[in-house]
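Some notes on the model follow, point by point. Please read them with the coordinates open.

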Amino acid sequence: MASLRKPRALPRGGTIGIAAPASAVDLVQLAAGEKRWREAGFQVVRRDDLVARDRYLAGDDARRAAELRELWADPRVDAIVCARGGYGCHRIMDRLDPKAARAAAKPLVGYSDITTLLLWQRRCAGLVGVHGPMLERGGEIGDDEFGALVEVLTGTERLPLVREGVDGAGAVVEGPLAGGSLTLIAA
């Protein structure tokens, strides 16, 4: 594994690339999520076939893997936010290039099945990911939650996400931290 590092910061007014590497995407939720990012002053780009369907997936494995590779390679894209989780990320792992992901150093945001990508990115590309809200929640993301995500992505967060030092019982805690969906971490 490459040494672990944080991805680059998303510039204010930067471009969010939307990915659908797992389950099929709901157009209404997608539109609401894209609108939220635009209203916050960011550009949004996505492939026209992001809403493709292959049974319960957002298109076939080749489409979903190609989308991530293209977002990493696209110099206009500053961060990648997943449209939704669900199922299917493990099916595309062997089609992804950790060197390309590390070279791009773009923040990757998601939860649920996206945990698979976040853990792959950590282990294979040496990049920290963001376990955070996706577009599947559309306009339902609270202002505080969305604001915190923007702060993390732009590197302007006011408080550390994890405080070093002492736990609630007074013991000193130290060590690496990796998280995500507990079901996927255990699997």
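1. Helices (H or I, at least four residues) and strands (E, at least two) are taken here as DSSP runs, numbered from the N terminus. The model is predicted: local features need pLDDT of at least 70, side-chain atom pairs count only at pLDDT 80 or more, and totals for chains, interfaces and linings use all residues. Residues are numbered from 1 along each chain as its sequence is written, and side-chain values use heavy atoms, with hydrogens and water left out.

2. The sheet. The model has an open sheet of 5 strands in the order β2-β1-β3-β4-β5, and the pairing is parallel. Because β2 and β5 (130-131) stand at the edges, each with a single partner strand, one side of each has no neighbour in the sheet. Two strands are said to pair if DSSP finds at least two bridges between them. For β4 and β5, which run parallel, there are 2 bridges. Val-109 has Val-130 in β5 as its bridge partner.

3. A salt bridge is counted when a side-chain nitrogen of Lys or Arg lies within 4 Å of a carboxyl oxygen of Asp or Glu. The structure holds 11 of them. One of these joins the side chains of Glu-39 and Lys-35, at 3.7 Å from N to O. Both residues belong to helix α1 (residues 27-39), and because they are 4 residues apart, about one helical turn separates them. Accessibility is classed as buried under 20% relative accessible area, exposed over 50%, and partly exposed in between (1.4 Å probe, protein chains only). Glu-39 is exposed, at 57%.

4. Salt bridges between elements. Which partner does Arg-47 meet in a salt bridge at 3.0 Å, N to O? The partner is Glu-70. Arg-47 lies in the loop between β2 (43-45) and α2 (61-73), whereas Glu-70 is in helix α2, so this pair ties together parts that are 23 residues apart in sequence. Arg-47 counts as partly exposed, at 21% relative accessibility. Glu-70 is likewise classed as partly exposed, at 42% relative accessibility.

5. A further link to α2. Arg-91 forms a salt bridge with Asp-61, with 3.1 Å between the closest N and O atoms. Arg-91 lies in the loop between β3 (79-82) and α3, and Asp-61 in helix α2, so the parts tied together by this pair are 30 residues apart in sequence. Is Asp-61 buried or exposed? Asp-61 is buried, with a relative accessible area of 14%, whereas Arg-91 is partly exposed at 27%. Elsewhere, salt bridges that share partners join Arg-47, Asp-49, Arg-63, Glu-67 and Glu-70 into one network.

6. Ala-105, which is not a glycine, has a positive phi near 50°. Ala-105 sits in the loop between α3 (98-104) and β4 (108-110) and counts as buried at 9% relative accessibility. Ser-112, again not a glycine, has a positive phi of about 55°. Its place is the loop between β4 and α4 (115-125), where Ser-112 is partly exposed, with a relative accessible area of 27%.

7. Thr-154. This residue is part of helix α5 (residues 143-154) and counts as buried at 11% relative accessibility. The side chain of Thr-154 makes a polar contact with the side chain of Thr-156 at 2.9 Å. A polar contact is a pair of N or O atoms within 3.5 Å; within protein, one must be able to donate a hydrogen and the other to accept it, and residues adjacent in sequence count only if both atoms are side-chain atoms. Where neighbours within four places in sequence are set aside, Thr-154 is in contact (heavy atoms within 4.5 Å) with Ala-9, Leu-10, Arg-12 and Phe-42.
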